[in-house]
Amino acid sequence: YKTATPPGYTDAYMEQSLDAFKSGQVAMAMNWFAFFPGLYADPDVGGDKIGFFPNPGQNLEASTLGGQGISVVSYSDHIDAALEYVKWFAQPDIQARWWSLGGYSCHLDVLNSPTFKDSQPFAADFLVAMDGVQDFWQEPAYADLLLAMQKRLHDYVVADQGTAKEALDLLIEDWTETFEEEGKL
């Protein structure tokens with residue numbers, strides 16, 4: 001990161017990554033597909049000045065879905081209305097319209113449409129990414145696992161503490177403890 005990160009960006013997140021890219025401080029940036037319509041529309045960096053691609057794999061071609069799903073709270077006084085909304089929103093024509101307005105759909109009828117690939121400059125790459133989705137959010141202990149990983153990677157990469165092997169060995173210890181607490185080991 002020391003040779004590929006603008007000064008002061010050691011704790012950058014989505015917004016700062018976009019700012020660094022749009023200001024020309026970096027030549028490329030990793031971010032969610034949800035930000036691509038705005039980047040493509042940007043008069044300074046968008047249009048024919050920008051390209052999109054899914055992250056390359058290393059040992060496994062995989063993407064995270066990102067975003068948040070729709071949930072219905074069990075103690076709500078409006079469960080029936082909420083379920084009706086979900087049922088309405090999940091319809092293929094509504095999902096296709098959602099995509100055309102800049103939202104993101106994973107509905108197979110939308111993704112498999114013969115016009116989808118050419119519907120946005122990044123749509124073909126979105127298909128590649130969706131084909132490799134690994135939905136890590138389905139793991140109930142995901143937040144604990146993520147916090148441990150962020151700490152260990154930060155300590156090594158940003159704070160210059162220890163070696164990569166030491167960071168990963170400590171991460172294995174953290175995750176083992178979490179999975180033991182969850183009754184999975």
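Let me begin with a definition: helices are DSSP runs of H or I with at least four residues, strands are runs of E with at least two, and both are numbered from the N terminus.

Before we go on, a word on what we are looking at. This is a predicted model, in which local features need pLDDT of at least 70 and side-chain atom pairs count only at pLDDT 80 or more, while totals for chains, interfaces and linings use all residues. Residues are numbered from 1 along each chain as its sequence is written, and side-chain values use heavy atoms, with hydrogens and water left out.

Now, the whole chain. How many helices and strands does the chain have? There are eight helices and zero strands. Along the principal axes, the C-alpha atoms fill a box of roughly 55 × 45 × 30 Å. Of the 185 residues, 25% count as buried; buried means under 20% relative accessible area, exposed means over 50%, and partly exposed lies in between, using a 1.4 Å probe and protein chains only.

Let's go back to E180. Is E180 buried or exposed, or something in between? E180 counts as partly exposed, because its relative accessibility is 48%. This residue also belongs to a negative surface patch, together with D144, E177, E181 and E182. A patch is made of residues with over 30% relative accessible area and no salt bridge, where like charges are joined within 9 Å and nonpolar side chains (Val, Leu, Ile, Met, Phe, Trp, Tyr) within 5 Å. A salt bridge, in turn, is a side-chain nitrogen of Lys or Arg within 4 Å of a carboxyl oxygen of Asp or Glu. Helix 8, residues 164–181, gives the largest share of the negative patch, three residues.

D160 is partly exposed, because its relative accessible area is 49%.

For a contrast, turn to F89 in helix 3, residues 79–89. F89 counts as buried, because its relative accessible area is 15%. Which residues is F89 in contact with, leaving aside its neighbours within four places in sequence? They are I70, I94, Q95 and W98, where contact means heavy atoms within 4.5 Å.

Conventions
Accessible areas come from the Shrake-Rupley method with a 1.4 Å probe; for residues, only the protein chains shown count as cover. Lys and Arg count as positive and Asp and Glu as negative; His and the chain ends are not counted. The place of a charge is taken as NZ of Lys, CZ of Arg, CG of Asp or CD of Glu.
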